[in-house]
Amino acid sequence: MTYYCLIDFLALMVLLITNNDIVLRDVRVVRNCGQRLYRLFLFAVIAYYISDFIWAWLYNIGTYPMVLYVDTEVYFIFMALGTVLWSRFVIKYLRIKRAFARLLNIAAVLLFMLVIIATPLNRMWDIMFWFDMDGIYHTGSARDFIFIYQVVLLLVLSLYTLFIASHISTKQKKRNIAVGLSGIVMLVFVAVQIFFPTYPLYAISNMMGCCLLRTFVVEHERDEYRENLKITLAREREQFEEFKKVWRLAYKDALTGVKNKLAYAEKCAQIDSQINKGTLQGMAVAVMDLNDLKVINDTFGHDVGDEYIKSACRLICEIFKKSPVYRIGGDEFAVILEGNDYEHRDMLLKTFDMEIEKNLKRKAVVIAIGMAEYNPEQDDCYKQVFERADVKMYQHKQDLKKIA
């Protein structure tokens, strides 16, 4: 679920970057009622992102079930509130005719009231959502009805604005088209969210909708805003690329290019969570340690030592092609075997030993290895599996020194 939290975080950052002049502006200097409603809508979306981020984090760590349950209730409330404020903003901003505006207002308020009523009822009957004994999230018919209701509301409003756009002047036409397209984009993601309840599609819909609305909310002179938009988008792309680069570097070992200790710690926590839930099927860990690295560093220098480490890493990656390789220390590596590599672990270990035997003869890189398998009857956490593998690795290391 790490990607879920990342999407919520990025969506929040995009919203704050693109709308900082609206969010941080003194409400007394907001020019008109439409912008004030848009500002309230943004606050509702921010609250939704925060609650959604907390939901994904709590669901990922699998603890604090009561807090997770309450946060899910908050999630639905802010989701419905955002829909109400979005509808009111569109009605005011586009000056929709009174009769249709009243109908849309009533429909939006009914959605909010439905969530407010269903939330406490859900504590007695599982009509919106529930969590089973394993902490798995399940959805109810009321939740699906709420999403379908939103899709219909967004569809009606979007079709109406696009229809009106074909009968009005150019300036107002662009505004209607932008609002209509934002509604369609949002309803598509909301509709898909019905079938994928644990995907952050609603957050993406808000992010896309806010980006489209931004185009016409703040600036009234389109040509001037287009130039500002180019600068803003270029800055956002640059910041996003920089963020992705930093994100990759945070999990990548600079010397070898494999995953680093931070990525390893996260994987260990994930395995522990699976062990606690009883969902871990099959897993083995191979622990490796390079022989004679200190001698090489002292004799030939650290540059040669670094090349020795990289050569060892290439050999490990070549053997364990389908498993994540982690550099967990200066000369220590770990490989976590799951799936296909787990099924062929004995063959892979034998292949690795054969390569090391060849390297002993040709005075190439020598790596000690120890492998241990997860035993559900014996292991309460990943550390216990690692420690058995570590013991085997040190035994192998001593055997290699005797041979050398």
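Student: Is cysteine 268 buried or exposed?
Tutor: This is a predicted model, in which local features need pLDDT of at least 70, side-chain atom pairs count only at pLDDT 80 or more, and totals for chains, interfaces and linings use all residues. Residues are numbered from 1 along each chain as its sequence is written, and side-chain values use heavy atoms, with hydrogens and water left out. Buried means under 20% relative accessible area, exposed over 50%, and partly exposed in between (1.4 Å probe, protein chains only). Cysteine 268 has a relative accessible area of 12%, so the class is buried.

Student: How many disulfides does the structure hold?
Tutor: A disulfide is a pair of cysteine sulfur atoms within 2.5 Å. The structure's count is zero. Cysteine 268 is in no disulfide, and its nearest cysteine sulfur, at 10.0 Å, is that of cysteine 381.

Student: Which residues does serine 273 contact, leaving aside neighbours within four places in sequence?
Tutor: Serine 273 is found in helix 10, residues 261-277; helices are DSSP runs of H or I with at least four residues, strands are runs of E with at least two, and both are numbered from the N terminus. At 15% relative accessibility, serine 273 counts as buried. Contact means heavy atoms within 4.5 Å. With those neighbours left aside, serine 273 is in contact with Asn60 and Ile61.

Student: What does glycine 183 touch, not counting residues up to four places away in sequence?
Tutor: Glycine 183 lies in helix 7, residues 170-195. It counts as buried, at 0% relative accessibility. Beyond those sequence neighbours, glycine 183 touches Trp86, Leu154 and Ser158.

Student: How far apart in space are glycine 183 and glutamine 384?
Tutor: In sequence, glycine 183 and glutamine 384 are 201 residues apart. C-alpha to C-alpha, the distance is 52 Å.

Student: Is leucine 159 buried or partly exposed?
Tutor: Leucine 159 sits in helix 6, residues 141-165. Its relative accessible area is 49%, so leucine 159 is partly exposed.

Student: What is the C-alpha distance from glycine 339 to alanine 234?
Tutor: Glycine 339 lies in helix 13, residues 339-343. It is partly exposed, with a relative accessible area of 44%. Glycine 339 and alanine 234 are 105 residues apart in sequence, and the C-alpha distance is 42 Å.

Student: What box do the C-alpha atoms fill?
Tutor: The box is taken along the principal axes. Its dimensions are roughly 90 × 55 × 35 Å.

Student: What share of the residues counts as buried?
Tutor: The protein has 404 residues. The buried share is 45%.
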